[in-house]
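Have a look at it first, then follow along.

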Amino acid sequence: MYLYNSASHKRELFTPNSPDIVKMYTCGPTVYHFAHIGNLRTYIMEDILEKSLRYAGYNVKRVMNITDVGHLASDADTGEDKMLKGARRENKTVMEIAQYYTDAFFADCDALNIKRPDVVEPATNCIAEYIHIVETLIEKGKAYLAGGNVYFDTATLDKYYVFNDHDEDDLAVGVREGVEEDTNKRNKNDFVLWFTKSKFEDQALKWDSPWGVGYPGWHIECSGISMKHLGEDLDIHCGGIDNAFPHHTNEIAQSESYLGHKWCNYWFHVHHLNTDTGKMSKSTGEFLTVSLLKEKGYNPMVYRLFCLQSHYRRNLVFSWENLDNAAATYEKLIARIATLKEDGEVDQAAFDALKERFLTSLNNDLNTSLAITAVYDVLKAKCNDATKLAALKDFDYVLSLNLIEEAGKIRKQQEEEAAASADPEIDGLIEARTAAKKARNFAEADRIRDELKARGIEIIDTPQGTKWKRI
Ligand code: AMP
Ligand code: ZN
């Protein structure tokens with residue numbers, strides 16, 4: 001599989017450290033509010049990555065954190081903890097907020113067929129791991145204490161900006177306006193590993209540490225949780241493009257300084273979902289959720305298809321019109337699949353040829369729009385329906401668009417409608433009319449037609465026989 005690696009700025013052949021297992025880490029949500037559909041674009045594409053790796057034959061162990069402490073209102077270590085803001089907004093405790101929005105996040109994931117990672121770890125579970133890393137960094141001279149906080153010293157690095165091919169807009173996300181300079185820092189890029197002093201003394205969750213009672217910085221969470229579950233070498237790390245700087249840049253700085261060797265080989269970043277006024281963001285308070293899409297009558301699969309129709313390394317513009325187009329495409333696609341019937345044996349050679357096209361699209365840096373084209377290729381293929389159904393079922397392991405289930409629902413509905421309108425007496429009269437016509441007794445045939453009409457039944461003669469409907 002070829003994947004674009006943001007660390008090398010190239011498409012590379014993906015080769016895991018060990019052939020037996022792909023170690024994959026995903027930055028999880030900050031659970032102070034609902035996930036918006038922009039966040040969920042990132043999780044959908046990461047889900048496609050994981051399933052494509054599995055589809056290509058790899059075993060995958062995927063770990064995700066839940067950020068329930070330490071993510072401050074600005075990614076540049078200032079401002080209030082987002083969790084505290086959420087708790088205050090809703091008059092609840094931080095832990096209540098964390099539980100509520102963690103559950104809401106997974107309910108959204110379920111609605112969008114996003115598989116749950118193998119390990120999900122709340123950041124507050126791993127305080128001892130962070131303290132150990134921070135202690136080691138201080139011992140190695142890579143971190144220093146200042147004003148009660150522990151900072152990572154970026155001057156000790158040969159190279160700090162790893163992902164320097166991003167748009168200025170994306171880089172600027174980490175340094176939002178209104179950010180005050182922290183005078184404890186030796187260098188402007190230094191970042192907090194452990195806080196004991198914050199302007200916001202009412203921080204709800206605090207733990208004892210060698211540097212006083214406090215709480216971890218956001219970046220150290222992902223290094224600590226990843227190493228706890230995946231060890232010292234990571235194959236692939238993913239997140240939204242805004243995580244590249246400063247979050248992932250800082251993760252690399254501290255992890256490699258702690259380990260003394262390279263940490264992660266591939267970095268996978270999903271570009272943003274934008275509205276026509278800019279990036280969808282929780283801090284502006286204007287964002288769309290999966291529940292809202294459902295309230296408006298959209299099947300969540302329509303949003304998943306909308307995301308799959310474009311490449312993950314392109315910004316995607318959301319509009320209701322674009323979503324309606326995806327809804328129409330989804331409906332037509334399902335209706336076509338609903339016409340397929342299990343009609344015998346699967347033609348293995350035809351199946352393999354269809355699969356090859358699908359796999360090639362995914363292996364080409366997850367070209368999901370071409371993978372969707374491969375679905376249409378199945379529908380157009382010159383093979384029996386059983387082969388087409390088998391191919392679609394196989395592809396849907398990765399696409400997870402409920403292709404077979406939704407088509408099954410349509411078919412069941414059609415059968416129920418047919419059963420509801422079945423009437424043996426009318427069928428008997430139609431048979432008698434057909435017999436009369438065959439015997440050239442047209443007077444009797446017309447009489448039966450009139451009798452049916454009087455009962456509110458219209459009959460339609462077709463090449464496949466006589467059909468009827470209520471008028
Ligand atoms: P958060 O819950 O804010 O920590 O973000 C969860 C994930 O969503 C991270 O991987 C972010 O990079 C990603 N993300 C944030 N905003 C967007 C957006 N507008 N489009 C796509 N992904 C986003
Ligand atoms: Zn992270």
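I sorted residues like this: Ala, Val, Leu, Ile, Met, Phe, Trp, Tyr, Cys and Pro count as nonpolar, Asp, Glu, Lys and Arg as charged, and the others, Gly among them, as polar. On that scheme, the shell around ligand 1 divides into four nonpolar, 11 polar and three charged residues.

A note on the source: this is a predicted model, where local features need pLDDT of at least 70 and side-chain atom pairs count only at pLDDT 80 or more, while totals for chains, interfaces and linings use all residues. Residues are numbered from 1 along each chain as written, chains are lettered from A and ligands numbered from 1 in written order, and side-chain values use heavy atoms, without hydrogens and water.

Next I looked up who surrounds ligand 1. I found 18 residues (a heavy atom within 4 Å), and the closest are G38, T42, G240, D242 and L273. Helices (H or I, at least four residues) and strands (E, at least two) are DSSP runs numbered from the N terminus. The largest share of the shell, four residues, comes from α1.

Then I checked polar contacts (N or O atoms within 3.5 Å). A polar side-chain atom of T42 lies 2.7 Å from a nitrogen atom of ligand 1. For L273, a polar backbone atom is 2.9 Å from a nitrogen atom of ligand 1.

Last, which protein donors does the zinc ion (ligand 2) have? I found C27 (SG), C222 (SG) and H247 (NE2), 2.0 to 2.1 Å from it; donors are N, O and S atoms within 2.8 Å of the metal (3.2 Å for Na, K and Ca), and sites may look incomplete because water is not among the atoms. C27 lies in the loop between β3 (22-26) and α1, and C222 in helix α6 (residues 218-230), so the pair ties together parts 195 residues apart in sequence.

How values were computed:
Polar contact = N/O pair within 3.5 Å; in protein donor to acceptor, adjacent residues only side chain to side chain.
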